[in-house]
Amino acid sequence: MTVSMSAQPYPTHVAGLEITDVKEQLRRAIRGERAKLTDSARLRAATGFATVVGDLPQVKEARCVAAYVSRPSEPPTLTLLARLAARGTRIMLPVLGSGLQRDWAWYTTPDDLQVRAPGRPGEPSGPTLGQDALAEADAIIVPAFAVDTAGCRLGHGGGWYDRVLARSPEKACVIAMVFPEEVYDAATRPLPREAHDRGVDIIATPTGWRWVPEGRTTA
């Protein structure tokens, strides 16, 4: 899909602006564009993501997938989770653990997902697995505001997924889900990147996917 660069939010260069501020500026702009999506567009996207990501060989062949429950502003994941669970894939999801530390727990059914704090996505009610549980994952599906063609991912800003990916098993394929217009050309519109940022292996949209050459090794 060809995306007009004029339709993509992109921060203008301002001398002295910190890269964290540039990232936040871009997040706000993309969040605003996502807010314009209609309910029917989100429903179509949910079906598209479930098909595209669910049919990826790296996901179809996975015994265990680490994924996430989407917020309203994010590419929807519940249809995808249901499809993976129906085929018998084990799915682990992020949860708040002890001391407000992020942890993992097994997904069972959508009815089991509980919203434990305002603004947070639903979480499984089962016991936490410990952060080392990620070693079981054959594929890791991560949220993003945008991804460029060099694999740079613009996340929410907390850094948790960057730390997760830094410890992720080499065997695990990392997949970022974004809307088509949130794929940026790294040659002309590279996303702002910091030393701690971790790249992804595959970019998935509701209409297709692409490999990122050496995505996670690009710094």
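The buried residues of helix α1 are covered by elements that include α2 (39-54), β5 (146-148), β6 (153-154) and β8 (183-184). Contact here means heavy atoms within 4.5 Å, and buried means under 20% relative accessible area, with exposed over 50% and partly exposed in between (1.4 Å probe, protein chains only). Helices (H or I, at least four residues) and strands (E, at least two) are DSSP runs, numbered from the N terminus. The model is predicted, so that local features need pLDDT of at least 70 and side-chain atom pairs count only at pLDDT 80 or more, whereas totals for chains, interfaces and linings use all residues. Residues are numbered from 1 along each chain as its sequence is written, and side-chain values use heavy atoms, with hydrogens and water left out.

Helix α1 (residues 19-34) has 16 residues, and 22 Å separates its first C-alpha from its last, close to the 22 Å expected at 1.5 Å a residue; the expected span is 1.5 Å times one less than the number of residues. V22, K23, L26, R27, I30 and R34 are the buried residues of α1. They lie on the same side of α1 because they cover an arc of only 135° around the axis, the arc being that of the directions from the helix axis to the C-beta atoms. An α-helix has 3.6 residues a turn, so residues three or four places apart point the same way.

Helix α2 likewise has 16 residues and reaches 22 Å from its first C-alpha to its last, close to the 22 Å expected. Its buried residues are A41, R42, A45, A46, G48, F49, A50, V52, V53 and G54. V53, in this helix, has a relative accessible area of 0%. Beyond its neighbours within four places in sequence, V53 is in contact with V59, L80, I141, M177 and A204. The C-alpha atoms of V53 and I203 are 9.6 Å apart, although 150 residues separate the two along the chain.

In helix α4 (residues 78-86), the buried residues are L80, L81 and L84. Their arc around the axis is only 100°, which puts them on the same side of α4. They pack against α2, α3 (57-60), β1 (64-66), β2, β4 (139-143) and β7 (173-177). After α4 comes G88, with a positive phi near 95°.

I203 belongs to strand β9 (residues 202-205) and is buried, with a relative accessible area of 1%. Not counting residues up to four places away in sequence, I203 touches V147, D148, T149, A176, V178, V183, G208, W209, R210 and V212. Its C-alpha atom is 7.8 Å from that of G151, 52 residues away along the chain.

E182 is located in the loop between β7 and β8. This residue is buried, at a relative accessible area of 3%. Apart from residues up to four places away in sequence, E182 touches I30, R34, F145, A146 and V147; I30 and R34 are among the buried residues of α1. A distance of 7.0 Å separates the C-alpha atoms of E182 and F145, which are 37 residues apart along the chain.

P94 lies in strand β2 and counts as buried at 9% relative accessibility. With neighbours within four places in sequence left aside, its contacts are A67, Y68, R102, D103, W104, E123, W160 and Y161. The C-alpha atoms of P94 and I140, 46 residues apart along the chain, are separated by 11 Å.

The largest pocket holds about 500 Å³ of space. On a 1 Å grid over the protein atoms alone, a pocket is an open set of points with protein on both sides within 12 Å along at least five of seven lines, where a 1.4 Å probe fits; a cavity is a set from which the probe cannot get out, and lining residues have an atom within 4 Å of a point. Grid points are joined across faces, edges and corners, and the volume is the space filled by probe spheres set on the points. The lining of the largest pocket comprises 27 residues, with R153, H156, G158, W160 and Y161 nearest its centre. The elements contributing two or more residues to this lining are α1, β2 (90-96), β6 and α5 (160-166). Nine of the lining residues are nonpolar, eight polar and 10 charged, where Ala, Val, Leu, Ile, Met, Phe, Trp, Tyr, Cys and Pro count as nonpolar, Asp, Glu, Lys and Arg as charged, and the others, Gly among them, as polar.
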